[in-house]
Amino acid sequence: MLMVSVIIPNYNHAIFLEQRIESVLSQTYADYEVIILDDCSTDHSRDIIEKYRGNNKVATILYNEVNTGNTFKQWVKGIELSKGKYIWIAESDDWCEATFMEEIMSGLLQDESCVVGYCQSYCIDGTNSIRWQSSYSSLSSYITGDRFINNYMLAGTAIFNASMAIWKKDSYSLISNEFLNYRFCGDWLFWIELSRHGNVFISGKLLNYFRKHENDVSSKAGIDGVNFIEELKMFHLLYKRKWISYEGLVKGLKSEYVQFKVVERILTRAKRIQIRNLFFAEAGTRLNLQLFYMGFYSKYVARKLFNKVIS
């Protein structure tokens, strides 16, 4: 076995925190350490966390005196404190099955070239009702990083929740710190950069529970359009650095455009203009025409999905 450092970054998730920590401590994979980071929570998170001080699996408990406002900075802090060969960012409002770590590590350890492995996930609302779930065509498989990026990371991200993935710590030194410049899609960029350096293990098993609730930051970002601004900037960055092809850029922007048309009418005029300008930045006439024709299709999509998205 190789040690996994489980980083639990928390901010005001006291109501979910005990379930998160207990689901980590109940893992059937034995070789791991737990690092709990609290970003200056104002609820009773500290009371929950202190229950675990002295637990032989809890290596570090650290409280920030000032809120960073960026969960990815907490990722970095946890990585710097970690002693394991692999990293699992176990977000504080999620939980998982007891076999999660065993399943993912079993896949990763069978292929030394794998830099990341992930399972499928349920999306759960605040009342523990299943909103949707991800799926994969087989129980397990390996895929090259380039193919993974092109097929699974451009029209949306297959790793949509950090809690569903475990990755090789050594690979962290190979990627840039660009993901720290994003509040909402830094993880998406992180997985793409990481995948460039090796293979990806995909488990088709549903072992993770990804919670979406009223205090979820990414949900609010989707309603006010901030997510589009960040994601479009990310795609242009990927293309500028030649990490994706022009065809990959088109694929990503097409997907973003459809989603934009779904919520366009609830955004402010200034935000709509800003987002539209980003769609056409450096894209060229060819992409402009593609997006123009897609507008007709996406109006149909918008009528069908609009109420569902904002509910």
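Start by selecting isoleucine 7: its bridge partner in β2 is isoleucine 35. This is a predicted model, where local features need pLDDT of at least 70, side-chain atom pairs count only at pLDDT 80 or more, and totals for chains, interfaces and linings use all residues. Residues are numbered from 1 along each chain as its sequence is written, and side-chain values use heavy atoms, with hydrogens and water left out.

**Strand β1 and its partners**

Show β1 (residues 4-10) and β2 (residues 32-38): they pair in the parallel sense over seven bridges. Pairing requires at least two DSSP bridges between two strands. Strands (E, at least two residues) and helices (H or I, at least four) are DSSP runs, numbered from the N terminus. Now trace the chain from β1 through helix α1 (residues 14-25) to β2; this β-α-β crossover is right-handed. That is, with the strands pointing away from the viewer, the path from the first strand over the helix to the second runs clockwise.

Four bridges join β4 to β1, and the two run parallel. Serine 5 has isoleucine 87 as its bridge partner in β4.

Colour β1 by side. Val4, Val6, Ile8 and Asn10 point one way, Ser5, Ile7 and Pro9 the other, and all are buried. Buried means under 20% relative accessible area, exposed over 50%, and partly exposed in between (1.4 Å probe, protein chains only).

**The core**

Select valine 6. Beyond its neighbours within four places in sequence, valine 6 is in contact (heavy atoms within 4.5 Å) with residues including Val24, Tyr32, Trp88 and Met101.

Move to α6 (residues 186-195): ten of its ten residues are buried.

**Rings**

The whole structure holds 24 aromatic pairs. Rings of Phe, Tyr and Trp (its six-membered ring) pair if their centres lie within 6.5 Å; planes under 30 degrees apart count as stacked, over 60 as edge-to-face and the rest as tilted. Select phenylalanine 160 and phenylalanine 210: centres 5.8 Å apart, planes at 45°, so the pair is tilted. Go next to tyrosine 239 and tyrosine 246, whose centres are 5.8 Å apart with planes at 65°, so this pair is edge-to-face. Tyrosine 239 is partly exposed at 30%, while tyrosine 246 is buried at 15%.
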